[in-house]
Amino acid sequence: QVQLMESGGGLVQAGGSLRLSCTATGKVFNINAMGWYRQAPEKQRELVASVTNAGSTSYVDSVKGRFTISRDNAKNTVYLQMNSLKPEDTARYYCFARLVLNVEGAYRDVWGQGTLVTSSS
């Protein structure tokens, strides 16, 4: 079983920066990718950024050039550096880890509890 612990959320003025961290513990050997989703009030959850074991990253268009995802495999930790924050970035951010279940590629996502990010105008 894998557990995820997030930290780093908070309140910041628009234009400011925050860094989120998420550390995985437990049976981490079958984690293939990690990343962050977010969900704003009355909106659907969206994938913000992800990074694979090999270091391949992806971002939603709205954060490209502002957010950077990185991963420390030795610490089983993923980071999300958020710069130039906008009010529309306000949301609860959820860390996820994708666990590979078999050689056919079946997987299961594990979620953290979420951390609140508020960017005030």
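## Loops with positive phi

In this predicted model, E42 sits in the loop that joins strand 4 to strand 5, and its phi is positive, about 65 degrees, although E42 is not a glycine. Most residues other than glycine have a negative phi. The relative accessibility of E42 is 87%, which is over the 50% cut-off, so the residue counts as exposed.

A second residue of this kind is S84, a non-glycine residue with a positive phi near 50 degrees, placed in the loop between strand 8 and strand 9. Because its relative accessibility is 40%, S84 counts as partly exposed.

## Strand 1 and its pairing

## The largest nonpolar core

The largest nonpolar core holds 28 residues, and those that touch the most other members are L4, M34, W36, L80, M82 and Y93. The elements contributing two or more residues to this core are strand 1, strand 3, strand 4 (31-39), strand 5 (46-52), strand 7 (67-72), strand 8 (77-82) and strand 9 (91-100). Strand 9 gives the most, with five residues. In soluble globular proteins, nonpolar side chains tend to be buried together.

One of the residues that touch the most other core members is Y93. When neighbours within four places in sequence are left aside, Y93 is in contact with E6, L20, W36, Y37, R38, V48, F67, L80, M82, G114, T115 and V117; among these partners, W36, L80 and M82 are themselves listed with Y93 as touching the most other members of the core.

## T115 and its surroundings

T115, one of the contacts of Y93, belongs to strand 11, residues 115-120. Its relative accessibility of 11% is under the 20% cut-off, and therefore T115 counts as buried.

The side chain of T115 reaches the backbone nitrogen of G9 at 3.2 Å. Not counting residues up to four places away in sequence, T115 touches E6, G8, G9, L20, W36, A91, R92 and Y93.

Technical notes
Residues numbered from 1 in each chain as written. Predicted model: local features only at pLDDT ≥ 70, side-chain atom pairs only at ≥ 80, totals over all residues. Heavy atoms only, no water. Core = buried A, V, L, I, M, F, W, Y, C linked by side-chain atoms within 4.5 Å. Buried < 20%, exposed > 50% of the residue type's maximum accessible area, 1.4 Å probe, protein only. Helix = DSSP H or I, 4+ residues; strand = E, 2+ residues; numbered from the N terminus. Contact = heavy atoms within 4.5 Å. Polar contact = N/O pair within 3.5 Å; in protein donor to acceptor, adjacent residues only side chain to side chain.
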